[in-house]
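Let's take a walk through this model, starting with its pockets and ending with the chain as a whole. Have your viewer open as you read.

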Amino acid sequence: MSVMDWPHDLLSLDDWINLPETPEYQVEVVEGVLLVAPRPLPFHQRVVARLAVLMDELLADDYSALNEVEMVLFATPLTVRVPDVLVAPTSLVETNPPRFDAGAVPLVVEVLSDGTRRTDQVTKFSEYAEAGIEHYWIVDLDPPVSMITYRLIDGDYENFGEFSGVAELEFAGTPLTIDLNALTARRAQRP
C-alpha cells in the first residue's frame, strides 16, 4: 500500500478495522490520524516478549498479560494504541476480542526504544492517564536497565517506584518480581 492509498480523512473505528494489515510497519491511530512507524528492532521485541510471558506467569489467574494487542483509548476522535504489554482480566482475554477498550485495561507497560522514547514518556503518558489506565510502567533498556512505575491518583500519574536490577512490584494484590537484567540477557533465565 502506498501513502497515496491511505485515508485522507479522520478515521473512525470502522475505517480502522477495514484497513489492510501492514506487517512491515507498526500502525496506530491518534485522534483519527494514522501514525505509521517502522516495526521495533529484534532486541526490543525479544524484551517485550519475555516481559509479557514473565508477567503472565506471575499474575494471579484473574489477569493475563499480552504483548502488542490493539487498545482503543478514545472512540471520538479515534485513538488506538498498541502497547508493548497490556494486562487485562483473563475472563475478557478468553473471549478473544480483536481489540481491548482502555476501560478494561488496568496496566500497560511500554519498553522505550529510539523511535518511541518521547511518545512513551510524554504522549502516551498523558493519553493513558486521560483514558483512566490505573498503572503505567515504563522500561528503559539503556544500561542499567530500569523501570519506572506510575499509578493514577486523582486523574494524574504519580511515580510509585523506580527500579534497576530486580523490581519488586505488586499488582492487584499479587507480588511480582521482575529481573530487569534478565530481560536483555542473551538467553532467558531458566528456573
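Which element gives the most to the lining of the largest pocket? That would be H4, with four residues. Before going further, some ground rules: this is a predicted model, where local features need pLDDT of at least 70 and side-chain atom pairs count only at pLDDT 80 or more, while totals for chains, interfaces and linings use all residues. Residues are numbered from 1 along each chain as its sequence is written, and side-chain values use heavy atoms, with hydrogens and water left out.

Back to that pocket. On a 1 Å grid over the protein atoms alone, a pocket is an open set of points where a 1.4 Å probe fits, with protein on both sides within 12 Å along at least five of seven lines; lining residues have an atom within 4 Å of a point. The largest pocket holds about 550 Å³ of space, a volume being the space filled by probe spheres set on the points, which are joined across faces, edges and corners. It has 27 lining residues, and the closest to its centre are Pro40, Ser113, Asp114, Gly115 and Thr116. Two or more residues each come from strands E1 (25-30), E2 (33-38) and E8 (107-111), and from helices H2 (42-58) and H4 (117-131). Helices (H or I, at least four residues) and strands (E, at least two) are DSSP runs, numbered from the N terminus. By class, the lining has 10 nonpolar, six polar and 11 charged residues. Here Ala, Val, Leu, Ile, Met, Phe, Trp, Tyr, Cys and Pro count as nonpolar, Asp, Glu, Lys and Arg as charged, and the others, Gly among them, as polar.

The second largest pocket has about 470 Å³ of space. Of its 16 lining residues, Trp16, Glu21, Thr22, Val27 and Glu70 sit nearest the centre. Helix H1 (13-18) and E1 each give two or more residues to this lining, and E1 gives the most, with three. The classes here come to nine nonpolar, two polar and five charged.

Now zoom out. The chain has five helices and 13 strands in total, and its C-alpha atoms fill a box of roughly 50 × 35 × 30 Å along the principal axes. Buried residues (under 20% relative accessible area, 1.4 Å probe, protein chains only) make up 43% of the 191 in the chain. Among contacts (heavy atoms within 4.5 Å) with a separation of 6 or more, 50% are between residues 24 or more positions apart.

Methods. Buried < 20%, exposed > 50% of the residue type's maximum accessible area, 1.4 Å probe, protein only.
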